[in-house]
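Grab a pencil and open the viewer. Here are a few exercises to work through, each with its solution.

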Amino acid sequence: MNNTHLPKILAIDTSCDDTSVAILEGDKVLSSIVSSQNDIHREWGGVVPSLAKRAHQEYIQPCIQIALKRAKIKNIKQLQAIAVTYGPGLAPSLEVGIFQAKQLSLENNLPLIPVNHMAGHLMAARAVKELEFPLLALLVSGGHTELVYVSEAGDYKIVGETRDDAVGEAYDKVGRVMGLPYPAGRIIDELAHEGQDIYDFPRAMIKEDNLEFSFSGLKSAFINLYHNARQKGETISNVDLSASFQACVLDILMAKTKKALEKYPVKTLVVAGGVAANQGLQERLAAEITDVEVIIPPLRLCGDNAGMIALAAVS
């Protein structure tokens, strides 16, 4: 097929604290630009919505121009559509991307394709291979922890989700307690591989016959243990704390995922979202999920990015 006839889409994602723009041609991501705000939010230990919005407003135009240049698109009128994340996410952040996408759509008479952010995470797996349905997805990120049954492209049914904190949020909160820089997930993962699981943290709802998650009890138990030790003048190891925390998290995620696979027999499990990059999780999946194909998007498409929004827009 002549590539010049393949549809080209510009996608925008400003769902949280990363400004991202991507260009998709057919099923190929020609360019994907991500401008991180980690340095802005690090001193606050988490995302500040007003600061995130201001940064998106500053970065969105440069990201668009760089994405077009890297994709060798000289004129936006060469595109066939504009895609944008409409939610879920931080409202002030989403507003920036939606406004910009609407403006590009109107000015250039291009169709506007709204995309659910979590569908984007899921469909990022299309960068690995074309997906076969039905499938099950474990979506794990800073804002979400969900098990989703997908009967066909575009038909998403949430069959389990967190009742409180998302798993990525729990990582960042305990990381803040340990004095780790934001975002803390990757650092805790690295420390966990060096430590021992010596602290008995609660595995909430792990034995219950449902597909719901809960991480608030774990977070509270972690914080209480840490502060009690500090008050008593006891030495406590961030390495072992990380190992115990991560072991607990992964036990919960694996238990619920296995139950979901029993209730919804499929041949494919997609694991996506920022926490899908966690090496400990990938190791557990490889060791314990052997009767279905496990697909994890490449690292560049695990975190928030517009490439996944583009892939979802054409699914």
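The exercises below go through a sheet, the helices packed on it, and one further helix, all in a predicted model.

**Exercise 1. Work out the strand order of the open sheet and find its edges.**

Solution. 
- Step 1: Count the strands and read across them. The open sheet has 5, ordered S3-S2-S1-S4-S5, and the pairing is mixed.
- Step 2: Look for strands that pair on one side only. Those are S3 (28-36) and S5 (112-116), the edge strands.
- Step 3: Check the twist, which averages 20° from one strand to the next.

**Exercise 2. Zoom in on S2 and S3: how many bridges join them, and in which direction do they run?**

Solution. 
- Step 1: Recall that strands of a sheet pair through backbone hydrogen bonds, either parallel or antiparallel.
- Step 2: S2 (residues 18-25) and S3 run antiparallel, with 8 bridges joining them.
- Step 3: Opposite Asp-18 you'll find Ser-36 of S3.

**Exercise 3. Describe how H2 and H3 pack together.**

Solution. 
- Step 1: Take the geometry. H2 (residues 49-70) and H3 (residues 91-108) have axes 8 Å apart and pack at an angle of about 30°.
- Step 2: Classify the angle. Angles under 35 degrees count as roughly parallel, so H2 is roughly parallel to H3.
- Step 3: List who meets whom. H2 brings residues including His-56, Ile-60 and Ile-64, while H3 brings residues including Val-96, Gln-100 and Leu-104.
- Step 4: Sort the contact by class, which gives 7 nonpolar, 5 polar and 2 charged residues.

**Exercise 4. Turn to H5: how many of its residues are buried, and what do the buried ones pack against?**

Solution. 
- Step 1: Count. In H5 (residues 167-177), 8 of the 11 residues are buried, and the helix is mostly covered.
- Step 2: Name some. Among them are Val-167, Tyr-171, Asp-172 and Val-174.
- Step 3: Find the neighbours. The buried residues of H5 pack against strands S6 (135-140) and S7 (145-152), plus helices H6 (185-192), H7 (216-231) and H8 (238-263).
- Step 4: Look past the end of the helix. H5 is followed by Gly-179, which has a positive phi near 80°.

Note on methods:
Residues numbered from 1 in each chain as written. Predicted model: local features only at pLDDT ≥ 70, side-chain atom pairs only at ≥ 80, totals over all residues. Heavy atoms only, no water. Axes fitted to C-alpha atoms, helices over the stretch in contact; angles between N-to-C directions. Helix = DSSP H or I, 4+ residues; strand = E, 2+ residues; numbered from the N terminus. Parallel < 35°, antiparallel > 145°, perpendicular 65-115°, else oblique. Contact = heavy atoms within 4.5 Å. Nonpolar A, V, L, I, M, F, W, Y, C, P; charged D, E, K, R; others polar. Pairing = 2+ DSSP bridges. Buried < 20%, exposed > 50% of the residue type's maximum accessible area, 1.4 Å probe, protein only.
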